[in-house]
Structure formats: C-alpha cells, structure tokens
Amino acid sequence: SGADLRGANITDTTEIDPKWRLVWEIANEGAEGKDLRDKDLSGANLTGANLITATLAGADLRGASLISATLSGADLRGADLHEAEIDDTTKIDDRWRLVWGIVNQGAAGQDLSEQDLSGANLTEADLSGANLTEADLSETTLSNAELIGTNLVAANLSSANLSHANLSGASLISATLTGANLSGADLISTTLTAADLTGADLRGANITDTTKIDLKWHLVWEIVNQGAEGRDLSGANLTGANLRGQTLTEVDLTGADLSQANLSGASLSGASLISATLSGADLRGAELNEADIDDTTKIDDKWRTVWEIVTLGAEGQDLSEQDLSGANLNGANLITATLTGADLSGASLISATLTGADLRGAKLHKARIDEANTQIDDKWRTVWEIVTLGAEGQDLSGANLAEADLSGASLISATLAGADLGRADLHGADLSQANLRDADLRGANLLGADLAETDLEGALYCLEEHDLVTTVFPEGFSRQGKGMIEDCPVPE
C-alpha cells in the first residue's frame, strides 16, 4: 500500500496530485458519510480511516490498505477490492467481507446459497462448482468470472454483467437473467431451462447443441448472432427480446409478438409488421420508414406517430406537445410543422427538413442535427447548439431566443446583451458571470438558474400575474442593486 499520510502537514500551498490530497483528507479528517463513488483510491494507505456509511460505490480500492479501518454501513457496490488489505481489525459489513474473500481467495465449491451479493464487483472471481442457489446476484459484475459447473438454480442475476464469463456446465434453471449482459459468455453444456432472459444481451454468447435453453431464447440468440436476413419470423414469440441494433430490414414479422422487446437502434425499414404486437417495445433510434404497419399492428401511440412522420411525412402537421424523444426522424419532412412544446430530446434529425417549423418551447437537448444536411431555421439551430453543445463564453448579443427551451443550458460568461429571452425556459440554466444587459426577460422562467455575478443592468422583467409575461426568478433571488427595469406590457 501507499505512503502513510496520517499527521502529514499538507496545506493549500502543497503541490500534490488530487488523488493523494483526497487520501490525505480521508486519513486525517475521516470520510464518514462522504461521497467517494468512483474515486481512485488504489494503493492508498487508509489504515485506521473512518469510512463509516461512506459511499464507495464503484471506487477503485485495489491494493489499498484498510487495516483497522471502519467501513460499517459503507456502500461498496461495484467497488474493486482486488488485493485490498483487510484483516480482523477491519470493521466492515459481513456482506462486503464475503465479497473481498471471494475476489481475493476464490470461492470454488463453497456453499453461498441465498447469499446477498447484489451489486458486488466479482470480476474474474473463481466460483466454479459453488452453490449459489437462490443467491441475489442482481447488478453484480461477474465479467470474466469462472462459473464452471456452478449451481445458479433460481438465482437472481437481473442486470448482472456476465460478459465473457465461463458458465460451461453451470445450472441456471429458473434463474432470473432479465437485462443481464451475457455477451461473449461461454454457455457450452449450460442449462438455462425456464430461465428468464428478458432483455438479456446474447451477442457473441457461445451456445451449442449441448446448451439447454428454451426455444424462444435460442431463436433470439440466432437472430442476434446469425442475423435475421431471409428468416420467416411471422408469428414468432419475441416478447422481451434484446434485439438492440439488429438489422430486420424487410423481414416478415407478420403477427409476431415483440411486446416489451428492446428494438432500440434496430432497422425495421420495409419490415412487415401487419398484426404484430409491439406494445411497450423500446423503439428509440429504430428505423421505421417504409415499415408495413396498419390498424392491426399493436404499437404505442408515440411510435405510430413516428412511423407516420418518417413514412408519410408531416409537412404542416400539428405535432405540438408530442413526445418524440429518442425517435429516429432521419430524412423526415417537417416543413412548417407545429412542434411547440414537443420533446425532441435525443431524437435523430439527420437530413430532416424543419424549414419554417414552429419549435417554440420544443426540447432539443442532445438531438442529433447534421450541420450540412439538416434544414432548420437559424434561430432553432442556435437553440440546439446552446442546449446540446453549451454556449460558455459565447457572444449571443441581440439573439432572438424568445420562447426557446434553454432549460439546464450552460451559458457561463456568455454575452446575451440585448437578447430576446422573452418567455424562454431558463430553469436550471447556468448564467453565472453572463452579460444580460438590456436583455428581455419578461415571461422567462429562471427558477433554479444560477445568476451569480450575472450582469442584469437594464434587463426587462415583469412581476404582474400574467401567464405570458410574468418573470419567474430563482428562490431567494434579490433584484436590489441589479439595475433591472420592470416593464409589463399593457394587456390587449
């Protein structure tokens, strides 16, 4: 372990890497209840440290000395305890002492039935032949672990990371593997009968004739690893299947059940979905253009709308307040469409045409817009740039940002002098040290915004009870001495 920094005299004038300054603080001041998640504490000498109820989730504690340290109630989910020094003087919850023992000493052949190992980092652990019947391994990291012949009957492995784990000969009868990552896992002679593989990632998993797995999940594995081209999937039961990013172009899925399936990023263009069921399916980023969908197709309203937009076009249509978040709208015709208040966050708008579209109040956060091919009015491109790329230090003086959704935007030190921010949504935005001289803030929502050292000289606001022009300031904000001007328009 590293140097013993207890009692060392370190001040603000000491030049020391942040990692070791943190270690010094822990060693000398304690870290009871402190948030240390994902911190690099590898090789640190934390002998005798007070880490009671500290959050150490995801922390790197490899090779750290925890002799005589107190970690009672500490959150060690995902923490790497490989080669960490722990002994009888270390006060640590039984659960995490067990995890430490497994990763450092192995647990081959041990009886760990019904043990709570949820969230533990058991990367590369040797659990071959162990009895983990009904154990809780949810959200546990078991990547590259040795699980040869392990008894995992009825174990809870939901959202567990089993990537490249060796599960050959293991028994997972009736195990829960919902959302588990089995990519690259060795499943030769593995028994998965009656296991729940809803949402499980089977890409690259090694399945052979010796693997006992329900026909439904074998089909999913085939699609994911061998492709769906030329397959007749009409009437197939693919409920809850993880088909993320799969090419299903022009595949016959007539009458197939894809309810709750993960189809994010999948290509369904030209696929037959007549009488298919896609209720609750995740279609974020999925290509739906030219897919064969009709009234017999059961699909959530959001995605039916997306399909209609990309297949039939939406020029001039009223799409106000629509949830189009995460939708693949590449190439869509949205000319003069009404998208006021629509949620386009995370939507892909590559090569889409939004010329003349009304995007007042629309959420454009992290939408994908192509500088060269997405046609969108300058005002809304600017709004997109601000909320997606940030505008720290940028010159936006005189910009027309009226009724734009700029919530959470980073506008630190930006120049917005004379900008029209009337009725703009700026809640949670960082406007610290920004120049808002003479800006129009009437009707703007500034709740939760950071206005520290913001220049508001001459900025217009209104406090009259009026839906359209009332300025909402952050709680506790004082206008005194800011030089702001109250100017409420005369009601028509």
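Start at Asp440, which is buried, with a relative accessible area of 15%. Here buried means under 20% relative accessible area, exposed over 50%, and partly exposed in between (1.4 Å probe, protein chains only).

This is a predicted model: local features need pLDDT of at least 70, side-chain atom pairs count only at pLDDT 80 or more, and totals for chains, interfaces and linings use all residues. Residues are numbered from 1 along each chain as its sequence is written, and side-chain values use heavy atoms, with hydrogens and water left out.

**Salt bridges**

Arg442 forms a salt bridge with Asp440, and their closest N and O atoms are 2.9 Å apart. A salt bridge is a side-chain nitrogen of Lys or Arg within 4 Å of a carboxyl oxygen of Asp or Glu. Arg442 is buried too, at 18% relative accessible area.

Now select Asp358, Arg360, Glu403 and Arg423. Salt bridges with shared partners join these four into one network. By the same rule, the count comes to 20 salt bridges.

Go to Arg77 and Asp75. Their side chains meet in a salt bridge, 2.7 Å from N to O. Asp75 is buried at 18%, whereas Arg77 is partly exposed at 43%.

Next, pick Lys34 and Glu25. They form a salt bridge, with the closest N and O atoms 3.5 Å apart. Lys34 is partly exposed, with a relative accessible area of 31%. Glu25 is partly exposed as well, at 24%.

**Two loop residues**

Most residues other than glycine have a negative phi. Select Asn144, where phi is positive, near 60°. Asn144 sits in the loop between α2 (94–105) and α3 (215–226). Helices are DSSP runs (H or I, at least four residues), numbered from the N terminus. Asn144 is partly exposed, at 39% relative accessibility.

Then move to Thr336. Its phi is also positive, near 55°. Thr336 lies in the loop between α4 (301–312) and α5 (378–389). At 44% relative accessibility, Thr336 is partly exposed.

**The cavity**

Last stop: select Asp201, Arg203, Val224, Asn242, Leu243, Arg244 and Gln246. These residues line the largest cavity. A cavity is a set of points on a 1 Å grid over the protein atoms alone where a 1.4 Å probe fits but cannot get out; lining residues have an atom within 4 Å of a point. About 30 Å³ of space lies inside, a volume being the space filled by probe spheres set on the points. The structure holds one cavity of 30 Å³ or more.

Conventions. On a 1 Å grid over the protein atoms alone, a cavity is a set of points where a 1.4 Å probe fits but cannot get out, and a pocket is an open set with protein on both sides within 12 Å along at least five of seven lines; lining residues have an atom within 4 Å of a point.
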